[in-house]
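Me: Please walk me through this structure. I'm new here, and I'll ask things as they come up.

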Amino acid sequence: MAKKQFKSESKRLLDLMINSIYTHKEIFLRELISNASDAIDKLCFLSLTDDKVGLSREDFRVFIKLDKENRELIIEDNGIGMDKDDLDKNLGTIASSGSYRFKQENEKADDIDIIGQFGVGFYSAFMVADKVDVLTKKYGADSAYVWSSSGADGYTIREADKDSVGTVVRLHIKEDTDNEHYSEFLEQYRISELVKKYSDYIRYPIMMDMSRTKAKEGTEDSEKPEYETVTERETLNSMVPIWQRPRKDVTDEEYEEFYHNKFMAFDKPAKVITTSVEGVVTYKALLYIPSKTPFDYYTKDYKKGLQLYSSGVLIMENCEELLPEHFRFVKGVVDSQDFSLNISREVLQRDHQLKTVANTLEKKIKNELSSLLKKDRETYEGFFNEFGRQLKYGIVSDYGMHKDNLKDLLMFPSSNSDKLTTLSEYLDRMPEEQKYIYFATGENADSISKLPQTEPVLNKGFEILYCVQDIDEFTLQTLAEYNGKQFRSVDSDDLGIEPETPEEAPEDSSDALKFVRDVLGDRVSEVIASKKLVSHPVCMTAKGGISFEMEKYFNAMQPEAGMKAQRCLELNMNHKAVKAMKDLIGKDDEKAKKYAEIFYNQALLIAGLPIEDPSGYADLVCELM
Ligand code: ADP
């Protein structure tokens with residue numbers, strides 16, 4: 001029988017797995033049990049509306065069988081099963097190859113254990129088995145099939161006989177070597193230990209035939225007790241979903257383990273949220289706020305949503321409606337007996353009960369984030385560094401509808417210290433006479449702090465928020481004000497500050513300004529005598545509401561639109577260099593023109609803008625030197 005080859009990507013992952021030494025080999029069991037449980041979820045869900053399934057909630061279970069003699073570990077479920085197509089598609093290729101991509105992108109980080117971190121599902125069986133058979137019959141199908149593979153060299157699919165619907169995964173456990181020990185996976189105690197450790201919360205019984213030697217009944221206390229070996233079918237897991245257990249009874253490790261298993265996450269959650277609500281809708285929820293952005297977070301592969309259960313039956317894998325867009329990083333489950341089980345998914349989506357839950361969850365998440373910010377600043381900052389951008393998008397989106405809800409979760413770098421500040425902390429530090437909340441935009445805090453136009457504000461002892469992400473300015477524009485104080489760019493003409501420099505009479509400088517303007521033509525929209533420059537000769541400010549950072553942002557997004565911020569060249573009329581140029585006008589216009597060119601280019605450089613002719617500029621400077 002012809003062997004089919006694995007899809008190349010799968011083959012590589014398989015090789016990787018078979019040939020690497022994994023400390024976490026044991027997780028194969030968790031992966032296979034999760035698959036069994038998922039398959040049962042699917043049939044269980046069908047059974048709610050389809051009598052033909054002929055099984056009720058109590059009938060579903062996973063069996064584990066051990067056959068030491070033949071070195072076989074068998075995992076059997078009565079879930080939905082697979083047909084030939086499913087086998088080819090699901091087991092011939094890796095369903096979510098995200099883990100492989102991650103590994104590729106992080107090739108250097110060989111110590112990153114992708115198996116432990118992501119789980120690679122079914123394929124992990126090959127870490128402990130040299131041959132795997134999957135005998136399966138799909139619900140509603142007539143024929144059964146068996147999929148067999150000894151690893152990287154491919155697989156076969158044959159028709160087979162099986163009466164009942166479901167799947168039997170048969171692992172032939174590898175022989176022990178000097179370095180690797182596999183036989184433990186054929187030991188009862190080890191398997192039950194692993195089920196307890198990784199799969200305790202699975203909501204269907206995981207059963208195993210356990211044999212033990214014990215004294216025959218009635219003979220325990222006799223002179224000569226008679227011992228016998230009995231086999232009893234035992235349920236290994238407690239089946240209580242973790243979210244149904246009181247928080248005080250669950251360890252942090254258990255919450256983390258669940259998070260990693262269920263959501264393929266590998267970070268330590270920044271916050272675990274449990275909530276139990278009784279009211280219009282009664283529900284329990286277990287939510288996680290990640291501390292690291294999932295590698296696919298900004299791709300379309302990332303699915304927002306919470307798992308929705310109704311009395312322990314999974315009815316929706318990813319219920320998007322339960323989370324607002326700005327909290328799309330949250331992972332978790334919601335379980336409520338109030339959602340009727342056989343409700344169709346379309347109806348559910350319009351369900352106002354769902355809205356009620358979504359609203360209370362949003363408040364809960366917001367409050368938990370606020371309390372994290374207050375009580376564990378370091379963790380919050382870590383979180384904010386990863387997801388702050390998402391919160392800012394939340395403020396900008398939907399015409400600013402969520403801004404009041406989110407504004408207190410924001411943080412910015414500022415001139416105050418190298419730590420991030422919240423807006424309310426900024427306000428607390430504001431001196432009485434300060435009118436506005438100042439902000440400046442640039443590449444990073446360091447380059448912003450050197451912008452000439454920050455000088456008058458800083459000289460006053462006023463603090464400046466540093467906008468270093470492209471979304472920052474939009475965020476502040478959307479907010480417009482915070483607790484009654486307006487935001488004001490340091491580029492603005494009206495900074496609400498008395499200028500330190502005595503204002504030069506306009507007729508004194510107007511000729512010089514016109515001269516520079518003529519030299520520069522439409523490279524600038526304006527040349528003005530600066531009210532804000534103190535020690536620096538020039539600066540370039542943006543007028544008309546679009547800043548240079550916005551210009552860069554838009555041009556990166558839509559280069560063809562040619563968005564341009566209006567460039568306003570500000571001259572410090574009291575600066576020696578500017579005065580020198582002024583004196584040249586009318587006497588040596590050629591030289592004065594060169595001064596104007598240099599001022600212009602300097603202003604561009606300071607603002608972090610590209611200069612049009614760098615070598616021409618360099619020549620000019622050298623010439624005047
Ligand atoms: P994942 O579970 O992350 O999708 P796996 O490699 O573990 O990835 O499994 C691939 C797919 O194979 C599953 O999504 C499921 O459709 C199918 N599958 C695996 N095990 C079973 C099973 N016991 N019963 C039915 N389908 C299964």
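**A chat about the model**

Me: Let's start with Ala480. What is its relative accessible area?

Reply: The relative accessible area of Ala480 is 40%, which means this residue is partly exposed. Partly exposed sits between buried, under 20% relative accessible area, and exposed, over 50%, using a 1.4 Å probe and protein chains only.

Me: What kind of model am I looking at?

Reply: It's a predicted model, where local features need pLDDT of at least 70 and side-chain atom pairs count only at pLDDT 80 or more, while totals for chains, interfaces and linings use all residues. Residues are numbered from 1 along each chain as its sequence is written, and side-chain values use heavy atoms, with hydrogens and water left out.

Me: Back to Ala480. Where is Ala480 found?

Reply: Ala480 is in the loop between α15 (472-479) and β16 (481-482). Helices (H or I, at least four residues) and strands (E, at least two) are DSSP runs, numbered from the N terminus. Ala480 also has a positive phi of about 65 degrees, although it isn't a glycine.

Me: What do most residues have for phi?

Reply: Most residues other than glycine have a negative phi. Asn483 is another non-glycine residue with a positive phi, of about 45 degrees. Asn483 is in the loop between β16 and β17 (485-489).

Me: Let's zoom out. How many helices and strands are in the chain?

Reply: The chain has 20 helices and 20 strands. Of its 625 residues, 50% are buried. The accessible surface comes to about 30500 Å², with 48% of that belonging to carbon and sulfur atoms. Those areas come from the Shrake-Rupley method with a 1.4 Å probe; for residues, only the protein chains shown count as cover.

Me: Now the ligand. How many residues surround the ligand?

Reply: Eleven, and the closest are Asn35, Asp77, Asn90, Gly121 and Phe122. A residue is near a molecule if one of its heavy atoms lies within 4 Å of it. The shell divides into six nonpolar, four polar and one charged. Here Ala, Val, Leu, Ile, Met, Phe, Trp, Tyr, Cys and Pro count as nonpolar, Asp, Glu, Lys and Arg as charged, and the others, Gly among them, as polar.

Me: Which helices supply at least two residues of that shell each?

Reply: α2 (27-47) and α3 (84-91) each do.

Me: What about the polar side chains there?

Reply: Asn35 has a polar side-chain atom 2.8 Å from an oxygen atom of the ligand. For Asp77, a polar side-chain atom is 2.9 Å from a nitrogen atom of the ligand. The protein buries 80% of the 530 Å² that the ligand exposes when taken alone.

Me: Phe122 was in that list. Which residues have the most contacts inside the largest nonpolar core?

Reply: Phe122, Val132, Trp147 and Leu171, in a core of 66 residues. α2 gives the most to this core, with ten residues. A nonpolar core is a set of buried Ala, Val, Leu, Ile, Met, Phe, Trp, Tyr and Cys residues joined through side-chain atoms within 4.5 Å.

Me: New topic: is Glu463 buried or exposed?

Reply: Glu463 counts as buried because its relative accessibility is 8%. Glu463 is in the loop between α14 (455-459) and β15 (464-467). Its side chain makes a polar contact with that of Ser414 at 2.7 Å. A polar contact is a pair of N or O atoms within 3.5 Å; within protein, one must be able to donate a hydrogen and the other to accept it, and residues adjacent in sequence count only if both atoms are side-chain atoms.

Me: How many residues apart along the chain are Glu463 and Ser414?

Reply: They are 49 residues apart, with their C-alpha atoms separated by 6.9 Å.

Me: And His326, where does His326 lie?

Reply: His326 is in the loop between β12 (313-319) and β13 (331-335). His326 counts as buried because its relative accessibility is 3%. The side chains of His326 and Glu362 are joined by a polar contact of 3.0 Å. Leaving aside neighbours within four places in sequence, the contacts of His326 (heavy atoms within 4.5 Å) include Gln390, His402 and Leu406.
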